[in-house]
Amino acid sequence: MKIETLRKLTFTIILSILTFTQCKIFKQSNLDPNSELSNFLNLFRTVAFIDAFNGLSQTLMIVQINDSTGNPISGGEIVYSVYNENDENNVAVSDFGSTGNYTPYKNTLGANGRTILKFSERGIAEASVYRNPGDTTPIGTFRFRNYKGITIETFSFYSITGEIQVNVEDLSNYPNPMGSITNMVPIGTANGRSFLVGKIFTSSDGGSINGRYDNYILSSVDGVTYDQVIPLNVNEFTSSSGSKRTLHSAITYDGSLYVVFVNEVELDSGNTIIGNRNLAFTFSPSSSSYVAIDPIVITLPVGIQILNPITSATLRTYEHPMFPVGSRFFVVVDNSTLSPREMPYLISLTDSNQIDLSSPTYNCLRTSINDFSAYGKLTFNGTDYLHCPTSTMPGTTINATVINGSDVSSNTLTFSAGLNTINSFPSAFANQLIGIAIVSGSPRGSIFPTGSYLTNGANIPFSSNISGFTIPFGGAIPILRNITSSLDVGYAIVADNANLGSATNRAIVKFTNQLDTATVYNLPTAQPIFNENTTSHRQFHSTQGDLTYYWDALQTVTSPASIGNFRFFATRNIGPDTWKDVKLIRIK
């Protein structure tokens, strides 16, 4: 019987007894230990104990602590834990909660008196604040009730004592098993939603397998609350004799289904690749959360894998573009016999007729990672057309192939900038083409008209510059890495390196479907509060017309030493030259 059912039954019976029988005040010790009421009271306590023991839905909390005069307690120390039925019943504590009861944790407060706390149990959360590490007398304490489903809106303190002021800046409660996610990566936006891939590590029970990773796709309409959680049936594990790991593509939407590709790679004990499965997963916007989906197995030529399996690859697999083209999908696959290994392909989910776009038929470039940023799609009269570069950038002219998504026929065209230089291949936005051209020594966002896009051998000159779309680092070579959009607003991610983790300069440019004006966001070099490490353009995604930035980082735990740190996942909206308030992501 479920705990909630037991609770309701116990409450109903006790209420009936109190309502229909004569009541008197008594002590529990006065009851007949074999009576029904004693049995039900014991059952109620057992249910409460089980609930507390299994209550591992974790809560993360951003707190900022000041002294009584309002000055941040920088460098101070906070010790925190949860008191519940396990403590009442003298259950032994353990660092990782293996006994069902956690050791108190200890954090050091940052320069602004700020830290992130992690509570892994339900009950009364307690924290003591010390002016300096090693002090034995706290300068203040605070208490609140931690429970499943707690939110920043429903949060309240039981008490705050001493000479401290406590500001709870954000709070997020994670249901099981989401509180145990070990890493998450953004895989893009589709159909107005942002997506993450999350993995949960489960340690072994002592057999030959050291541990397994469960894979999930999480999606959100606002980039903060992830209300669709889809488990993927893949086999990822580690062992002494070998392992399997999974690599995920970006996500796309074909008008009815979300699609993501996965390479399930098998390795021997020396981490040499000995096999793989090429997989695709599809699910709909209405797919139920926490219901696992099975893969579609993709047939590829011998030696070709759906995604580059090398973890040291310059770009991770989810950073390459992926989108539907007719009944197929553009995917960057891997060929271990080539250098570079990446190849542009059109992949079918229903047959083995996979198309190599770097073949002489289409001649699409694959000579550098920059080339794949140039692959894009326009749609005319219901037919998708993919375009790819066939000559290198930058240049005063750039040659391209346009491929019909229905019959895979093709034509050629040339983009030209006259006396100017096209620095970044035109990218699709709102069925228009935007490129970066060097005009009078300044890199500018330029419009390339699409009227002759389908005419074989056409020359398309840039027609105008977008007012305000001026890249602020003109001395470098800016690359239009990606455009993320929602509603009628687009955000161009521009950097001087296709790998944002290696970029020296980067900026974001905001514009609308009209392409009449643009606003440049110069990202601050000093990213405040937390270590917001930008490594991928997928960390920037647009939902509801706004730009959201996602990252994950580690919060240091100074004690117990075996913990070391815990991972947190956060987001913030970005405005012109500003980083807005941090939000911990929510998972339902």
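1. A disulfide is taken here as a pair of cysteine sulfur atoms within 2.5 Å. The model is a predicted one, in which local features need pLDDT of at least 70 and side-chain atom pairs count only at pLDDT 80 or more, while totals for chains, interfaces and linings use all residues. Residues are numbered from 1 along each chain as its sequence is written, and side-chain values use heavy atoms, with hydrogens and water left out.

2. A search of the whole structure turns up one disulfide, formed by Cys364 and Cys388 with their sulfur atoms 1.9 Å apart. The torsion about the S-S bond of Cys364 and Cys388 is about -65°, so this disulfide is left-handed. The pair joins distant parts of the chain, 24 residues apart, since Cys364 sits in the loop between β22 (355–356) and α4 (369–372) and Cys388 in strand β24 (residues 383–389); helices (H or I, at least four residues) and strands (E, at least two) are DSSP runs, numbered from the N terminus. Both Cys364 and Cys388 are buried, where buried means under 20% relative accessible area, exposed over 50%, and partly exposed in between (1.4 Å probe, protein chains only).

3. Gly223 belongs to the loop between β11 (209–220) and β12 (225–232), and it counts as buried because its relative accessibility is 1%. With residues up to four places away in sequence not counted, Gly223 touches Ser194, His541, Thr543, Thr548, Thr571 and Ile585, a contact being heavy atoms within 4.5 Å. Gly223 and Phe195 are 28 residues apart in sequence and 8.2 Å apart in space, C-alpha to C-alpha.

4. For the voids, a 1 Å grid over the protein atoms alone is used: a cavity is a set of points where a 1.4 Å probe fits but cannot get out, a pocket is an open set with protein on both sides within 12 Å along at least five of seven lines, and lining residues have an atom within 4 Å of a point. Grid points are joined across faces, edges and corners, and a volume is the space filled by probe spheres set on the points.

5. The largest pocket has a volume of about 1,100 Å³. Among the 42 residues that line the largest pocket, Phe323, Ala428, Asn482, Ile483 and Ser485 are the closest to its centre. Strand β32 gives the most to this lining, with six residues, and the lining of the largest pocket divides into 16 nonpolar, 19 polar and seven charged residues; Ala, Val, Leu, Ile, Met, Phe, Trp, Tyr, Cys and Pro count as nonpolar, Asp, Glu, Lys and Arg as charged, and the others, Gly among them, as polar.

6. The second largest pocket has a volume of about 570 Å³, and of the 23 residues that line it, Gln58, Lys118, Gly179, Ser180 and Phe566 are the closest to its centre. The elements that give two or more residues to this lining are β9 and β38 (565–575), and the largest share, four residues, comes from β38.

7. The structure holds two cavities of 30 Å³ or more. About 90 Å³ of space lies in the largest cavity, whose lining includes Tyr80, Tyr102, Lys118 and Glu121, and the largest share of that lining, three residues, comes from β2. The second largest cavity holds about 50 Å³ of space, and its lining includes Leu307, Arg316, His320 and Glu342.
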